[in-house]
Every structure is written in C-alpha cells, then in structure tokens.
Amino acid sequence: MSSSTDSPTLTTETTQLSPQPDTETAKPTKKITLKSSDNQIFEVEESVAMEFATVKSFFEDSPSTDTVPLPNVTAKPLSQVIEFCKEQIKFKANPDEAQKKKYNAEFVTEKSDKDLVDMIPVANYLEIKDLLDVLNQAVADRIENKSVEYVRSFFGIDNDFTAEEEAALRREHAWAYEGVDED
Amino acid sequence: MAADHEQVEEIMARSCNSNVHFHDIPDAILSSIFSLITDTRSRNAMSLVCLKWHLIERSTRTFLSLRGNIRDLFLLPTCFRAVTNLDLSLVSPWGSPILDSSPNTALLAQALHWTFPSVVTLTVYARNPSILKFLAPQWPHLRQVKLVRWHQRSSTTLGFDFLALFEHCHSLASLDLSHFYNWTEDLPPALEAYPSVAASLSHLNILNYTSAQGFKSHELLAITSACPNLREFLATCIFDHRYFGSVGDETLLSLATNCPRLSLLHLVDSSSMSAARGNPDNDGYTTGDARIRQNMLIEMFSALPLLEELVLDVCHNVRDTWVALEMLNSKCPRLKSLKLGQFHGVCKGIDARPDGIALCSRLESLSIKNCADLTDSGLISISLGCPRLTKFEVQGCKKITKLGMTKVASILRKTLTEVKISCCKHLNTVTSLQALEPIQDSLQRLHIDCVWEMVEQSGSEASSSAKSAGLKCSEKRRGIWEETNLNKKYKKYNGNGDGYASSTWEKLQCLSLWIEAGELLNPLALAGLDDCPVLEEIQIKVEGDCRHQSSPSPPDDFGLSSLRCYPRLSKMELDCQTAIGYALTAPSGHGDLSPWERFYLNGIGKIEPHRAQLLASTGHRC
C-alpha cells in the first residue's frame, strides 16, 4: 500500500515491452475499481487511486475491499478527474514544472464552464488539492472582468437584492472604485 | 455586446440541465476562488451578484485603495473589514493631509481603525509628521508601510517624519520611501534611534523618484549597519567621485558586509533617475571614471552569497569589468537577474568563447545599459553562455547591430519572451523588429524606440525618396503622413509586395514605445508591427523639446488612431511628462488645450474608447 505512491506508474508498460530481470519493479500493478453514483464502473491503477485522499483513507480503514463506492460523484467529472491525476503522476515521476504548468493550463481551458463547476465538488470530495487549486484559479479567471449580469447567468444565480440594497452597495463601491489598474 | 448576449443565452441553456449548482460548492472553496480575484472592478461586480456572493466577496476583499473626499471620511462604509492592505494615498483632494481637515483628528483616526481593523500593509500620503502620529498607534501590527509625498518637506528636525511610525510599529518589515520626498539625512538618525525596528526591517526602498538627491556614502553605511537583516535594499546614490560622499568600491564592500543576507540589491546613480534617453551619437564613455576597482567588486560579490537580483547603474565608467563578472557566477550562485549601467568590457566576445558576463549561465534576466564596447560577437557569446535568459535588454549600446540582435533572438528562441532595445545607434525601429523575427511568435513584451529613418528611406519607392535635413518640422511631419498614406495605398495594390515581413506577433501583449516629440506614430504598423492579435497594453513615452519645433497645425495628428489595428488593445499610457515646453504653445484664448495637446490626443476616440482605459499624463513641465 505504502509503496504504491513511490513506485513509478510506467513500470508495467516498460515491463510489458521489455521484460527486465529486476523483479522488484516488475510486479503487476493492482487495479482498483471506483463506482460512481450513476453506477458506472471505473478501473484505475492503484497509484492513480491513491492520489485521491478519500479513497486512500477508505483503503486504510478497510484494506480488503476492491470496489470503492463514490456516492457523491457522477461519471463524467470523475472520468475527467482521473484523466488529470494520471498526468500528474507522470509529472511526479518525471518533474518538469514548465510542462506541468502547460498541461494544467490546457486541461482547464478546453473544459466547458459546466465541466469546471462539476469537477470542483468531486475534487473537493476526493481531496485532490492540486486539482482543486487549478480549478479554483480557472473559475476565478472566468469571473474576472465580467459584468454582473453575465456572472449571474453564468452560474444560474438569481438577483436577491432589492433596488435599495443594490443602490447602497453601489455607494459603498464609490470608495473602492478604481479608474486605473495597478501595474 | 451582442456576442456577449449570445454567450449568456448559451450558458443559460447549459446550466439548466446542470446537476451541480455553483452554490452547492462549499463556502470554503467559494472563498478561496474569490480570494484569487484581485481586480477591483471585478470584485465590485461580484458583490452585486447576490447576497451570498456579497458576503463572500466582502470577507475575502483584502486590498482596498480608498477613493473619495477626505471631508466625507466620517461616512466611510464599515463593510470592508477584511482589508489587510489599505491605500490611503489617493483620497481627494490629492495631496492634502487626510486628517487635518477634521476637527476631531484623533476620532477620525480611530474610525479608520474600526473600519479597517486588520490592516498590516498601509500606503499613506504623509504630508506632515502628524498624520503618522495619529495613524501609527491605530495599527501597531503594521508590517509593510509605503509613504507618499511629492510636496516639500516640512521644516522639522531630521528624521521626525518617521519617529511616530517606528515608535508604534515594532514589527515593521518593509518600508518603501520611493515616492516620499525627504532629505537623505532624514532616515539614518531615525533608524539609529529605534534599533529594534531597524533590525526587523527586511525590505527597504529608498530609490527615490521625488528628488534628485542621492544618498551619500556615509548615509548608506549608517542605514545598512542599522538594518543588518535587510533582504532587499534599493537606493539612489552618488557614484560621481567629484561630489562629496560619493560611493566608491570601499563603500560597496562595507555595505555588503553590513547586510550579508541581501537577495536583492539596487544601487542607482541619482543622475539615472530622470530616465531621459541618452544621446545615441556620443561614444558611450563618460568623462569621469567611477572609483570602482575590479578586485573590490569581486570581494563585494563574495560578501553577498544569497544575491538573486543585482542592479548597479553607475553612470560613470567602470572599465574592463569582465574580470569581476566572471567571478559573479561562482560567488553569487543564486543570481538570476542582473542590470549593469556604464559597465564597459562586460564581455570581450573573442572567438565566441564565453567570457565575462557570458559565464553567468544561470541568468534569467539581463539588462546592459550604456556599455560602450559591447559588440555583436559579445552579444553572441552572451546568448550562448546564458541559455536561460527570458528577458534581455540593451540600452545605449552603440556598437551592436541588427546582425548581433538577430543572433541573440535565434539562439535564445526557446526562452526569450521580453526584449528591450533602446537608444542603440545602429538599431532603429525597422532593424530592431527585423532582428527580432526569430522570436516573433513567442515574444510577449517589447520595448523599442520609434526612429523612423528607415521607414522613410526604404518604405516607399513610390513617393519621393529622401527628406532633406533642412525641411521645417511641420513640413516633415506632413511629409511622413502623406508618405504613410501613400504606402497604405501602395500596399493595397501590391498585396504584400511592400518589402516588410508582415507575419504575426502572436503572443505580444505589452508594447512600450519611445518617441521623440513632434514625431508621428503612424509608421508603426508599416515598420512591421501591424499584426498583433493579443496586444493589450501600449505605453508611449514622448520625449524632447517642443519649443524647438514649429507649432503643429490642425490636420496634423500624432496618429493615435493608427492603433486601431490592434483588436485587443485595452490599456494605453501616453506619457508626455518628459516632453518639455508644450504648454507654452497654447495660443491666447485657447488655453484649455494647447495645439500640442490636440496634436497628441487627436484620434483617440477612434480606438474604441469604451474598452480602452486611458492613462494620459500630459506634461506640466514648461
């Protein structure tokens, strides 16, 4: 269990291609089954599953099980989260900050707004801090420099201010108004 | 706007069948998303979305630059309680002491404390010492303070401006006096009077933009020996040995020994602070040499093993510096950023064998200013020797040419994203841009000078070729204007047969330009900068003496409208502060806007004003 995070993920692939005499790295990777709330089954390598702190602690509590039910998680965001974690493990084995940054940026830019919002509770529930940071930044970037109306419809939020309250808020903002961006 | 609405509808349609609502996300996560947004306008908009957003926004707003009239300060809203970084330097009327206007000064200071209880970073216009006397006790836990004052110093005893601050704020870590007018004699006694505060300072900025005075040698030593724990130190000083208190190599060495933990050191000669462009035609050597010997420089470098960023802008010759610079790499292993002014012989560049500065292989940013003997082969050795450079600046280097810069650009193609070429005799606008062709698709920030000579000469075979030097300025301006118009037509007929590479500057976001007073901006696109799809920001600095030019007549204009060709342009700064004398040209009865102001601002309406934020600082130096 504990060795799983340290051992490089690519070992299985390399052993399949060219069988190495080194027996320590040649052990077959254990697969773990994740079950989403809509009863989809995901088989992932153990090292990937251990990126999810929630799954990891589940295993630590009951090591005999091999299917982890994830009642709060639907299939689509889960598949995207798994995709992200697979890449992260590659970067862990082979650190390249610039490449990682590039991948993270691409990962969020190609996602729709809904995908991002859907993934946040999943990343939070599974306690994947790296992904959560990336997602938070992506959502923040999409809120920045947008009008009030745009943001409301973006997130499906209803205006619950009275006209007076809104006017009062705007008066408060007079103290914070900035004509020019800081450099 | 129409596109916005379409997008909105599309999003609405999508969010209908969403099974996760944004508000299902836990508040802790929403807070951390909100705290990533710093832009004030976005924040104001966010707090108007709904009640929940309003609460989260207010609890995560940590920066506030307070606006409003000082007479209304008692009306301050108490909603910004989470603010830790408060800027009080911009309340209007600008420059007035913020507390003196009220009869109950102490009460108002307390009100500020109640309104912003958690401030640790404060910027304040401290016109007189009494402001800090009232404010400093309110926030005893202040860690970063920036004082602002352009106004004359009040006639108090030396260092009195700082006493209240040092007395009440014992955990002060950072003090920024770069925009605070004071005498160089003020700071040392104040620091000496409060040794514990001085010892806790890790950042001190006395790189003063408000006065022409530089710190004298003994003052620098007094300051640095009072603050032995400085990590970052920026100061203006006097390197000219003809002046009393000039900084020589012994001072540099003692300074380094006083503050051995420095990771950032900027020492800039006071004459460099005016930031005027040098004369590109002189030979690049000043009349006097600075008193800085190579062996002492090496000793200084060895005393600063943690150095990451170094600026030595000396303004007087430091010769044959390659000996010392070769040691820099081993003495300061963390050094990433280096700027040298008036250092000669930084790199001999013989046989393309790396020497001098080219041995500093870890540098990520390098700026070479007024190096009289830097050659093209020197440039090549530097770009071979420093493969990590992302930022490269050359300024006032008379011997380098297009060939050298092209080599730099192609060797450092993979890393370079920011380039400045300024005041180099052999590199005008067109040749600079041509030299940068290898990094055209990766460059993000660029500074060039607008020197059009080549555009005029080779730009148009169609129009009459050369302009004789004797032409009157306004005629010359007209001439260029017509010429560029002609060129545009010419271009239309000939497709791309205009002789200039017109490929795209794909990632260029920020463009900074220097232009001489009276010159036009129009040829910019023609010079090769016509296709910049993501260009967001332009800074234009106009320099020169308008009094020597004939007054511009109405059809003339600077050419701001030509910036229309940049579709994403949203921010422009037009800086005419260093253009001398054009307020004097206002004709009687037209005192509101002088012909020169008309000249510069004409056409500004054409660059989509609803998107453009404009920061025009038109000069008031006459």
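Visitor: What makes the three strands S2-S1-S3 of chain A an open sheet?

Guide: Look at the ends of the order, bearing in mind that this is a predicted model. Strand S2 (41-45) and strand S3 (67-69) of chain A are the edge strands, each with a single partner strand, so one side of each has no neighbour in the sheet. The pairing is mixed, and the twist from one strand to the next averages 30°.

Visitor: How do you know that S1 and S3 of chain A count as joined?

Guide: Two strands pair if there are at least two bridges between them. Strand S1 (residues 31-35) and S3(A) have three bridges, so they meet that cut-off. They run parallel, and Lys35(A) sits opposite Pro69(A) in S3(A).

Visitor: Where do those strands fall along chain A as a whole?

Guide: Chain A has ten helices and three strands. In sequence order the pattern reads α-α-β-β-α-α-β-α-α-α-α-α-α.

Visitor: What makes a residue of chain A count as buried, and how many percent do?

Guide: The test is 20 or more other C-beta atoms within 10 Å of its own. Of the 183 residues of chain A, 23% count as buried. As for contacts in chain A with a separation of 6 or more, 67% come from residues 24 or more positions apart.

Visitor: How do you know which residues of chain B are in contact with chain A?

Guide: The cut-off is C-beta atoms within 7 Å. By that test, 43 residues of chain B are in contact with 41 residues of chain A. Several elements of chain B supply at least two residues each, among them helix H1 (2-16), helix H4 (51-60) and strand S18 (613-617). H3(B) gives the most, with seven residues.

Visitor: What makes up that side of chain B by class?

Guide: There are 23 nonpolar, 13 polar and seven charged residues on the side of chain B that touches chain A.

Visitor: And which domains does chain B have?

Guide: The domain assignment gives domain 1 (24-61), domain 2 (121-274 + 282-450) and domain 3 (506-622). The C-alpha centres of domain 1 and domain 2 of chain B are 39 Å apart.

Key: Residues numbered from 1 in each chain as written. Chains lettered and ligands numbered in written order. Predicted model: local features only at pLDDT ≥ 70, side-chain atom pairs only at ≥ 80, totals over all residues. Contact = placed C-beta atoms within 7 Å. Helix = DSSP H or I, 4+ residues; strand = E, 2+ residues; numbered from the N terminus. Nonpolar A, V, L, I, M, F, W, Y, C, P; charged D, E, K, R; others polar. Domains from an automatic or database assignment. Axes fitted to C-alpha atoms, helices over the stretch in contact; angles between N-to-C directions. Buried ≥ 20, exposed ≤ 12 C-beta atoms within 10 Å, placed from the backbone.
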